[in-house]
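Work through the exercises below with the model open. Each task is followed by a stepwise solution.

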Amino acid sequence: MSFIYAMNDLIFSILSDTKIDLDDDLEKFWESENDRRLVKQIGLMKSIIVSPNLVICYAGNKISKAAELLRKVKCMPLDMEEIVDLAFNIHINSGEDEIEFLIAYCDQIRELVSIKNHQVIRKCKSAWLGSLDAYIEFTRLLAQINPKEEKAYGRTVEGAYFEEVIEKELMKAYEIERCFSKVVGSGVVSSVGGMTVKIRAMEGEDIFQYMAGMEVISSDWPQLVRPGEYINFFEGAGKGSYSCNIYQSRQNFCCYIYEGNYGVVYTDEVSYSETLDGMKFPKLYKIDKPMFDDIAKQNGAYSCIDFA
């Protein structure tokens with residue numbers, strides 16, 4: 001199962017996890033044990049930027065049905081109405097819990113479409129797919145939100161500092177994104193997890209992008225701290241700590257894990273079987289970050305963060 005949430009209001013944001021459970025049906029697709037282990041460990045993309053103004057999201061127990069839609073959309077010049085009809089036909093001709101979709105579109109007109117429970121709902125302000133338990137936990141966290149106006153600080157090209165007020169409604173949208181990440185990272189639902197993948201339609205551009213970010217995961221191992229010593233908030237990969245740089249991208253989702261010098265590109269160039277062609281699976285590189293930056297650039301991504 002999966003968890004995906006999208007909102008099309010002050011911001012157009014699409015959030016998804018990456019975890020995938022390899023049941024008996026999925027196990028047969030992997031001939032290599034290393035490939036199977038990689039997908040099980042770091043998952044796959046469930047929200048896919050198909051073109052600059054189109055995103056297709058899926059959830060369900062039959063990812064080959066999602067691959068079918070992605071292949072057809074990429075191979076044929078379809079308009080929005082044809083894509084929605086195609087997705088709905090795949091959904092209604094599938095079994096219970098096998099496949100459901102969200103379709104996000106931005107090209108002068110911005111629209112979010114939900115396709116699940118044998119229904120098509122157009123012009124959604126918000127919609128979700130996947131685990132009901134994850135959604136219940138998500139709504140519990142949302143009930144605790146009490147956004148306030150805050151200030152953002154910046155610097156002009158000329159070097160002058162400035163501040164501007166962030167409105168409550170925009171702060172609420174940011175809090176919603178944080179609540180989603182908490183659900184994904186909490187482990188409260190065993191079928192949901194991995195990384196939070198965030199896509200936004202950029203203001204004034206009508207272009208979807210995977211959003212940049214930095215995740216730092218600290219271990220909870222006990223420490224003996226003597227008088228005068230510092231507490232180590234980050235204890236290294238040996239004790240489960242790691243840091244991950246997520247790249248801004250218009251094409252493929254890229255991230256770099258500093259511990260071990262691993263770069264990951266989620267791409268449809270990786271194919272495990274014809275049945276799954278069209279999905280974005282992880283491709284792993286053991287390489288230093290400057291070299292991976294070049295690979296990311298070839299995949300439409302760039303790093304917003306650099307460590308010396």
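**Exercise 1.** Which residue caps the N-terminal end of α4?

Solution. The model is predicted. Asp-79 is the cap. One of its side-chain oxygens lies 3.2 Å from the backbone nitrogen of Glu-81.

**Exercise 2.** Find the buried residues of α4 and say where they lie around the axis.

Solution. Buried means under 20% relative accessible area. In α4 this applies to Met-80, Ile-83, Val-84, Leu-86, Ala-87, Ile-90 and His-91. These residues cover an arc of only 165 degrees around the axis, so they sit on the same side of α4. Next, look at what covers them. The cover includes α3 (63-75) and the strands β4 (54-59), β5 (100-107), β6 (109-116) and β7 (119-121).

**Exercise 3.** Describe the aromatic pairs that involve Phe-292 and Tyr-256 or Tyr-285.

Solution. A search of the whole structure gives 13 aromatic pairs. In one of them, Tyr-256 and Phe-292 are 5.7 Å apart centre to centre, with 35 degrees between the planes. This pair is tilted. Now place the partners. Tyr-256 lies in strand β16 (residues 253-257) and Phe-292 in helix α7 (residues 289-298), so the pair ties together parts that are 36 residues apart in sequence. Tyr-256 is buried at 1% relative accessible area. Phe-292 is buried too, at 0%. Phe-292 also pairs with Tyr-285: 6.0 Å between centres, 55 degrees between planes, again tilted. Tyr-285 is partly exposed, with 21% relative accessibility.

**Exercise 4.** Which residues form one aromatic cluster with Trp-128, and which charged end sits over the ring of Trp-128?

Solution. Start with the cluster. Phe-3, Tyr-5, Tyr-135, Phe-138 and Phe-180 form it together with Trp-128. Then look over the ring of Trp-128. The charged end of Lys-116 sits there, 3.7 Å from the ring centre.

**Exercise 5.** Over which ring does the charged end of Lys-286 sit?

Solution. The ring belongs to Tyr-262. The charged end of Lys-286 is 4.6 Å from its centre.

Terms used:
Residues are numbered from 1 along each chain as its sequence is written. This is a predicted model: local features need pLDDT of at least 70, side-chain atom pairs count only at pLDDT 80 or more; totals for chains, interfaces and linings use all residues. Side-chain values use heavy atoms; hydrogens and water are left out. Rings of Phe, Tyr and Trp (its six-membered ring) pair if their centres lie within 6.5 Å; planes under 30 degrees apart count as stacked, over 60 as edge-to-face and the rest as tilted. Helices (H or I, at least four residues) and strands (E, at least two) are DSSP runs, numbered from the N terminus. Buried means under 20% relative accessible area, exposed over 50%, partly exposed in between (1.4 Å probe, protein chains only). A charge sits over a ring if NZ of Lys or CZ of Arg is within 6 Å of the ring centre and within 35 degrees of the ring normal. The arc is that of the directions from the helix axis to the C-beta atoms. Contact means heavy atoms within 4.5 Å. A polar contact is a pair of N or O atoms within 3.5 Å; within protein, one must be able to donate a hydrogen and the other to accept it, and residues adjacent in sequence count only if both atoms are side-chain atoms.
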